[in-house]
Amino acid sequence: GRAWLELLCLFGSGAIFAAGFPPLNWSGLGWIGLIPLYAVCKGKRPFRAWLCGLAWGFGWAFFSFLWIRRIEFFLPLPFGVVLGLFPSFWSAAVPLLRRHLYVPAEVQLRGWEAEQEFVRKSPARPGKDVFFCLVLAAWWCLIEWVRSWIFTGLPWNLLAVTQWKVVALLQICEYTGIYGLSFLLAFFNIALAVSVPEWMKMYR
């Protein structure tokens, strides 16, 4: 029912995000492509968020690596599942970090629903919000780094690659490497996703 529809929408969101990579090169997706995944996962239990990340990651990997069908026609399918595991571990961390950063222990003891209600009604906490965004952006980069090394490594289609045609922006890689640019993009995605609901509260 609704759960399958949600996973299907996340798969579609990941597939759209794949357009940020060659050959389409819609670089703007690098700045907003993680927002749907974050928005869905933030209120989920960790295992459910993990499944959501797997669906999104499969959609992204299947379509962004579709060209490998020239090697073997059915290869994108298992390839997409394996690569989809990496975003799934990022998305599972979203509700875990929100819980331990924002929710007091006494509220946690009252159960998941009480935690979500507490987070929804809490006022803005700029310091915690910045720390939250920094940690999640760093976690994304760490996962990309692991993907670049584990099982001989696959350093293709990292988040920063969406900006490969934006020459002015690429200059920061001289000092930070590609992961610095991935960090910047991930931070912007998360910060925007965190800020928009707070802005909406202000103007209600």
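Residues are termed buried when their relative accessible area is under 20%, exposed when it is over 50%, and partly exposed in between, as computed with a 1.4 Å probe on protein chains only. The structure is a predicted model, in which local features need a pLDDT of at least 70 and side-chain atom pairs count only at pLDDT 80 or more, whereas totals for chains, interfaces and linings use all residues. Residues are numbered from 1 along each chain as its sequence is written, and side-chain values use heavy atoms, with hydrogens and water left out.

The cysteines were examined for disulfides, a disulfide being a pair of cysteine sulfur atoms within 2.5 Å, and a search of the whole structure returned 0 of them. For C41, the closest cysteine sulfur is that of C52, which at 4.6 Å is too far for a bond; C41 itself counts as buried, with a relative accessibility of 0%. C173 likewise is in no disulfide, the nearest cysteine sulfur, that of C141, being 11 Å away, and C173 is partly exposed, with a relative accessible area of 22%.

Aromatic pairs were then considered. A pair of aromatic rings is described by the distance of the centres and the angle of the planes. Rings of Phe, Tyr and Trp (for Trp, its six-membered ring) pair if their centres lie within 6.5 Å, and the planes count as stacked when under 30 degrees apart, as edge-to-face when over 60, and as tilted for the rest. By this criterion the whole structure holds 21 aromatic pairs. One of them joins F21 and W60 in a tilted arrangement, with 6.5 Å from centre to centre and 55° between the planes. Because F21 lies in the loop between helix 1 (2-17) and helix 2 (29-32) while W60 belongs to helix 4 (residues 46-64), this pair ties together parts that are 39 residues apart in sequence; helices here are DSSP runs of H or I with at least four residues, numbered from the N terminus. F21 is buried at a relative accessible area of 1%, and W60 is also buried, at 5%.

W56 and W140 form an edge-to-face pair, 6.3 Å centre to centre with 75° between the planes. This pair links distant parts of the chain, W56 in helix 4 and W140 in helix 8 (residues 126-147), 84 residues apart, and both residues are buried. F21, W60, W56 and W140 are among the members of one aromatic cluster, which also includes F17, F65, W67, F79, W90 and W156.

Beyond its neighbours within four places in sequence, F21 is in contact (heavy atoms within 4.5 Å) with W60, S64, N157, L158, V161 and T162. The C-alpha atoms of F21 and N157 are separated by 6.9 Å, although these residues are 136 residues apart along the chain.

Note on methods
Helices (H or I, at least four residues) and strands (E, at least two) are DSSP runs, numbered from the N terminus.
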